[in-house]
Amino acid sequence: MKEYWSRRIRDAVPYVPGEQPRGRTFIKLNTNENPYPPSPKVVEAVKSAAGEGLRLYPDPECAGLRAAAAKLHGVTPEQVFPGNGSDEVLAFCFQAFFDPERPILFADITYTFYAVYTDYFGLKAWQIPLDEDFSLPVERFCKAENCGGVVIANPNAPTGRSVDLEDIRRVLEEHRDVVVLVDEAYVDFGGVSTDTLLKEYDNLVVVRTLSKSRALAGLRVGYALGSPNLIAGLCCVRDSINSYTVDRLAQAGAVAALEDGPYFEEMRERVIRTRERTEERLRAMGFAVLESKANFLFVSHPKRTGKALLDGLREQGILVRWFDRPRIGNYLRISVGTDDEMDALCAALKALTEG
């Protein structure tokens, strides 16, 4: 079946995204999408860009997008690298900054795409186990010798736990000779961004996405922040593959999203309030719930397995995420939806755990 495949991909194990249902209406709490629409200004910008200009290639430099992101983070446009979603940006980072000779450090329980990239690009990894409470073992990250790079999701996925800024600083200090990549896909929901350390550390790369807090998962825009030298490395990788990774509509919509601060703050706070409210309700029902700084909750129940709850919720028209992996097989990752959606979730879980 794979006789025409290259040796590079015959044994590759690709990333499996959360289910995108067809043919039935579900309450969809399995892919960490924002439950609210993007800013109306985004829709206006996309409509305005969808004209005769579509016959032309988009700006390969993404000048407007880089300027908007730079202003938001207090850096220069030369320190911003836009891409087709943060997953593409992460993939470019793995190619640009890590070599096969020395392994990359990342946690054993974290975003599974890191392991996929490692294998696909022929790299090595030291997967350091999270502590018993799923916190990051910062000391072990700091003491690791001869590593070729560090990758930290902050807040982490799928746990939702965050790392203090000073702990990130410690890792940067201990590994000044390699790139430390901090993936901040969920930081807007309660974490503290590492972007304030960019002026101090030339080896820091911060990766952001507009899919979560800016509600643009369907538009596919992410970006990296780093020193001009590191950004130049990412441009080298991109331009060796495809110079036009962010299309004209995506650039227009992304700029509008980044510039509409009041709408962003309102929607973010709404998600945080719903998360905290749901966390309290689930704990009252007997669930163990990790403290989350993301737009999802990581939960388990003492009397019901994660797989049983996953199947039971699906039967009731609710999708959540379950990972068949050591240490977390009894946990569910539940995206924060609207208040009505979370009310439905709690009612379904109550029936499943009390019946």
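One aromatic cluster is formed by Tyr-15, Phe-94, Phe-98, Phe-106, Tyr-111, Phe-113, Tyr-114, Tyr-117, Tyr-120 and Phe-121. The model is predicted: local features require pLDDT of at least 70, side-chain atom pairs count only at pLDDT 80 or more, and totals for chains, interfaces and linings use all residues. Residues are numbered from 1 along each chain as its sequence is written, and side-chain values use heavy atoms, with hydrogens and water left out.

The structure holds 17 aromatic pairs. Rings of Phe, Tyr and Trp (its six-membered ring) pair if their centres lie within 6.5 Å; planes under 30 degrees apart count as stacked, over 60 as edge-to-face and the rest as tilted. Phe-81 and Phe-92 form an edge-to-face pair, with 6.1 Å between centres and 65 degrees between planes. Phe-81 belongs to strand β2 (residues 80-83) and Phe-92 to helix α4 (residues 85-97), so the pair ties together parts that are eleven residues apart in sequence. Helices (H or I, at least four residues) and strands (E, at least two) are DSSP runs, numbered from the N terminus. Both Phe-81 and Phe-92 are buried, that is, under 20% relative accessible area, where exposed is over 50% and partly exposed lies in between (1.4 Å probe, protein chains only).

Phe-298 and Tyr-331 form a stacked pair, 4.7 Å centre to centre and 15 degrees between the planes. Phe-298 lies in strand β10 (residues 296-300) and Tyr-331 in strand β13 (residues 331-335), so this pair links parts that are 33 residues apart in sequence. Phe-298 and Tyr-331 are buried.

Two arginines sit over rings. A charge sits over a ring if NZ of Lys or CZ of Arg is within 6 Å of the ring centre and within 35 degrees of the ring normal. The charged end of Arg-270 is 4.7 Å from the centre of the Tyr-36 ring. That of Arg-333 is 5.8 Å from the centre of the Phe-296 ring.

Strands β9, β10, β13 and β12 form, in that order, an open antiparallel sheet. Two strands pair if DSSP finds at least two bridges between them. The edge strands, β9 (288-289) and β12 (321-322), each pair on one side only. Antiparallel β12 and β13 are joined by two bridges. Arg-321 stands opposite Arg-333 in β13. Helix α10 (residues 261-284) packs on the sheet and touches β9 and β10. Its direction makes about 10 degrees with that of β10; axes are lines fitted to C-alpha atoms, for helices over the stretch in contact, and angles run from 0 to 180 degrees between N-to-C directions.

Val-80 lies in strand β2. Val-80 counts as buried because its relative accessibility is 0%. Its C-alpha atom is separated by 8.8 Å from that of Leu-65, 15 residues apart along the chain. Contact means heavy atoms within 4.5 Å. Beyond neighbours within four places in sequence, Val-80 contacts residues including Arg-66, Val-75, Tyr-223 and Ile-231.

Asn-156 lies in the loop between β5 (149-153) and α7 (165-174). Asn-156 is also buried, at 7% relative accessibility. Not counting residues up to four places away in sequence, Asn-156 touches Ile-109, Thr-110, Tyr-111, Leu-130, Arg-161 and Phe-296.

A disulfide is a pair of cysteine sulfur atoms within 2.5 Å. By this rule the count is zero. The sulfur of Cys-147 lies 10 Å from the closest cysteine sulfur, in Cys-142, too far for a bond. Cys-147 is buried, at 3% relative accessibility. Cys-236 is likewise in no disulfide, with the nearest cysteine sulfur, that of Cys-235, 8.9 Å away.
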